[in-house]
Amino acid sequence: MCGIVGYIGDAQAVPILLESLKMLEYRGYDSAGVTVFNGKLETYKIAGRIKDLEAVIPWNMQGSTGIGHTRWATHGKPETRNAHPHLSSDVSVVHNGIIENYMELKERLIGLDYEFKSDTDTEVIAHLLHFNMKCRGQKCLLDGLAETVKELKGSYAIAALCAEEPGLLAFARKDSPLVIGVGKGSNYAASDVTAFLKHTKEVIYINDNEIGLLKPDSIEIFDLEGKQVSRNAEIIEWDLEAAEKAGYEHFMLKEIHEQPTSIQNTFAGKLSELEGTVTLEELYLKPDEIKRLKRATIIACGTSWNAGILGKYIFEKLAGLHTDVETASEFRYSNPVLCGEELTIAITQSGETADTLAAVRSSSSYGCRSIAITNVVGSTITREADSVLYTRAGPEIGVAATKTFTAQLVALYMLAIYLGRIRGVVSANEAKDLIVGIKRLPGQIQKVLNRKDAINECAVQFADKRDYFFIGRYLNYPVALEGALKLKEISYIHAEGYAAGELKHGPLALITDETPVVAIATRGHTYEKILSNIKEVKARNATVIAVADDDDTEIDKYVDVVLRVPSSHELLAPVLSSVVLQLLSYYTALAKDCSIDKPRNLAKSVTVE
Ligand code: F6R
C-alpha cells in the first residue's frame with residue numbers, strides 16, 4: 001500500500017512531486033523517492049519520510065517530467081534500496097500494489113542477466129519493461145508497458161518513464177487506484193486526487209486493465225488490446241482547503257470537529273420527518289426485491305467492520321432482516337453458504353480496501369446484489385457494487401477513521417429505516433422519531449465537542465496506563481470495539497473492546513486497580529445490565545470511566561469519572577458516545593506525544609491483502 005505520483009508539463013517537477021507525495025503520505029510513509037528527467041533519468045530515494053527525501057534532492061534539480069512514490073513496505077524492509085522508483089537501465093517505475101508472480105518473473109529475468117538491487121516485487125516490472133522494449137521489439141514505452149502488464153499477476157497502479165522518450169509518462173492500472181489530473185499544458189497521475197488538487201480539479205479515473213500515456217498537452221487511454229478508450233473528465237467538488245488542517249494541530253482533531261457537518265451532509269436531502277421516510281434514489285433495488293430479501297451480509301474491515309456490527313443490530317430491529325457481519329479477509333477464504341437472494345453490504349470509507357473488494361467480488365459470484373457504503377467518489381468499490389450509498393464526510397487524511405465512522409453509522413440508520421419501511425417492519429411514527437433524532441445529531445455532537453476539556457482531563461489522568469478495557473452492550477458494544485481500536489491505534493496503549501456480559505467469561509481475570517474500564521452506559525434497555533457489569537469491575541478495584549446521558553445522575557454513584565452526552569434516541573446514542581471516545585483517544589495520544597495522524601505501522605488505505 002503506497003502512493004504514486006507522476007507529473008509532465010512545463011513547470012519544475014521536483015516541487016510538484018514532493019508536494020503531491022506529502023498529500024499521499026497517509027498511504028504509507030516508510031520510504032520515498034522520485035525520478036526526474038533531466039537530460040537523463042535522475043533518481044533520489046531514501047528510507048524515511050518525504051521531508052527526508054527533500055533533504056537529499058539537490059535544490060537546483062531541473063526537469064519538468066517526473067514520477068514519485070511514498071511506500072508502505074510489503075515485499076522487502078523499509079530500506080533505501082527497496083524504495084521506489086525502481087530502475088532498469090534507462091527505465092524507471094513506481095508501483096502501488098503487489099505482483100503475486102514476481103518470484104517466477106524474477107528468476108526468468110535473472111536468467112536473462114538482469115541484476116536485482118532490491119527485495120521488492122516492483123523491480124521485476126522495471127526489468128520486464130526494459131526487456132520488452134529493448135529485446136522484444138516493443139519499440140515504445142506504451143507498447144512495452146502493455147506487454148509487461150499482460151505478464152503480471154496481482155494488483156498494480158504503475159507510472160513509468162523511459163529516458164529515450166522524454167516527453168512521455170506511461171501508466172497502467174489493475175486493482176489499485178489511479179487517477180489522472182487534467183491540467184493546462186501539464187498533466188498528473190496519482191493514487192488519489194488530493195495529490196494534485198492544488199493544480200486541477202478536473203480528473204479522469206482509470207479503470208482496471210487500462211494503460212495510457214500522458215504528454216504535457218494530451219492524455220491517451222487504451223485497453224490492453226490497444227483500443228483507445230474515450231472518457232470525459234469529472235470535476236472534483238471539494239477543494240484543497242478541505243484536505244488541509246484548517247488551523248487544527250492534527251488532521252484527526254480537525255476531522256473529529258467536522259462531524260456536525262459531515263453527518264449533516266450525509267443525510268442532507270434524504271430524510272422527511274413529516275412522512276417518516278428516507279429517500280435513497282441511488283439504490284437500484286426494487287421494492288419487491290427488498291421485500292423478498294432473506295438475509296444481509298455486511299462485509300468490512302477495521303473501523304468499518306465495527307460500524308457493521310451496529311448495522312446488524314439495526315437492520316434486524318428496524319428492517320426485520322437477518323444480518324451477518326463478516327470480516328472481509330476471512331469471508332473471502334471461507335465457504336459462504338449463499339444462494340444469490342442475499343444482500344451484500346460492503347462498508348469501506350476508502351473504497352479501496354483489497355480484502356473488502358475481493359469479498360464483494362466473491363459474494364457477487366453467487367449472484368448476490370450489493371450495496372457499497374463508501375466515502376470516496378469514483379473509488380474501486382463504486383464500480384464493483386450494484387448500488388452506492390455515499391457518506392459525504394469529505395476527505396479523511398488522519399489514518400484513524402473518525403468522521404467517516406460516524407457518517408457510516410448515519411448511512412446505516414438511513415438504510416435500515418429505508419428497508420424497514422418497505423418491508424413494513426418499522427412504522428411511520430417510529431421512523432419519524434428516528435428521523436427527528438438523526439437531524440438533531442449535528443447539534444448534539446457540537447455539544448460533545450464543546451466538552452472536550454473534560455475529556456482531555458480524563459485522558460491525561462490515565463495516559464500512563466498500559467491496558468484499557470472498553471465495555472458496552474447491544475448497540476454500545478460496537479462503540480466499545482471502536483473506542484478500543486482508536487485508543488490502541490493512535491496511543492499504542494493495549495485496549496480491549498468487549499461485550500460487557502462476556503467479561504466474566506475470562507477477561508475479568510485481567511482487571512486490576514491499574515486497568516481503567518470505559519463503560520458505555522447511555523440509557524436503553526440494557527442500561528441496568530451494564531450497571532451490573534460496572535459493579536463487577538469495581539469490585540475488582542478497576543477505575544471506571546462511564547459515558548452516560550446528561551440527565552443520568554444515578555451513574556455517578558458507581559463510577560469514578562462520567563463523560564456526558566446529550567440524551568438521544570436509544571438507537572442513535574452510539575454516534576454521540578463514539579465522538580467522546582474519539583476525543584479520549586486523541587487526547588491520550590497527545591499526552592503521550594504520539595504520531596497521531598500517522599501511527600506507526602499503519603496506513604490509511606489498505607490496498608493490499
Ligand atoms: C481504523 C481504520 C481502519 C479502517 C480499515 C478499513 O481507524 O481506519 O481500521 O477502518 O482499514 O478501511 P476502509 O473503511 O477504507 O475499508
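In which loop does Asp113 lie? In this predicted model, where local features need pLDDT of at least 70, side-chain atom pairs count only at pLDDT 80 or more, and totals for chains, interfaces and linings use all residues, Asp113 lies in the loop between helix H3 (102-111) and helix H4 (123-134). Residues are numbered from 1 along each chain as its sequence is written, and side-chain values use heavy atoms, with hydrogens and water left out. Helices (H or I, at least four residues) and strands (E, at least two) are DSSP runs, numbered from the N terminus.

Most residues other than glycine have a negative phi, and most peptide bonds are trans. Asp113, although not a glycine, has a positive phi of about 75 degrees. A cis peptide bond, with omega about -5 degrees, joins His84 and Pro85, and Pro85 lies in the loop between strand S4 (65-71) and strand S5 (86-88).

The ligand is surrounded by 14 residues, of which the closest are Ser304, Thr348, Gln349, Ser350 and Thr353; a residue is counted as near if one of its heavy atoms lies within 4 Å of the molecule. By class, this shell comprises five nonpolar, seven polar and two charged residues, where Ala, Val, Leu, Ile, Met, Phe, Trp, Tyr, Cys and Pro count as nonpolar, Asp, Glu, Lys and Arg as charged, and the others, Gly among them, as polar.

Polar contacts with the ligand (pairs of N or O atoms within 3.5 Å) involve both backbone and side-chain atoms: a polar backbone atom of Thr303 is 3.0 Å from a ligand oxygen, a polar side-chain atom of Thr353 lies 2.4 Å from an oxygen atom of the ligand, and an N or O atom in the side chain of Lys486 is 2.9 Å from a ligand oxygen. Taken alone, the ligand exposes 400 Å², of which the protein buries 91%, as computed by the Shrake-Rupley method with a 1.4 Å probe. Helix H9 (302-319) and helix H16 (476-491) are the elements that give two or more residues to the shell around the ligand, and H9 supplies the largest share, three residues.

Side chains of opposite charge can pair when their charged atoms come close. The structure holds 33 salt bridges, each defined by a side-chain nitrogen of Lys or Arg within 4 Å of a carboxyl oxygen of Asp or Glu. One of them is formed by Glu25 and Lys598, with the closest N and O atoms 3.0 Å apart. This pair links distant parts of the chain, 573 residues apart, with Glu25 in the loop between helix H1 (13-24) and strand S2 (31-37) and Lys598 in the segment after helix H18 (573-591).

Technical notes: A polar contact is a pair of N or O atoms within 3.5 Å; within protein, one must be able to donate a hydrogen and the other to accept it, and residues adjacent in sequence count only if both atoms are side-chain atoms.
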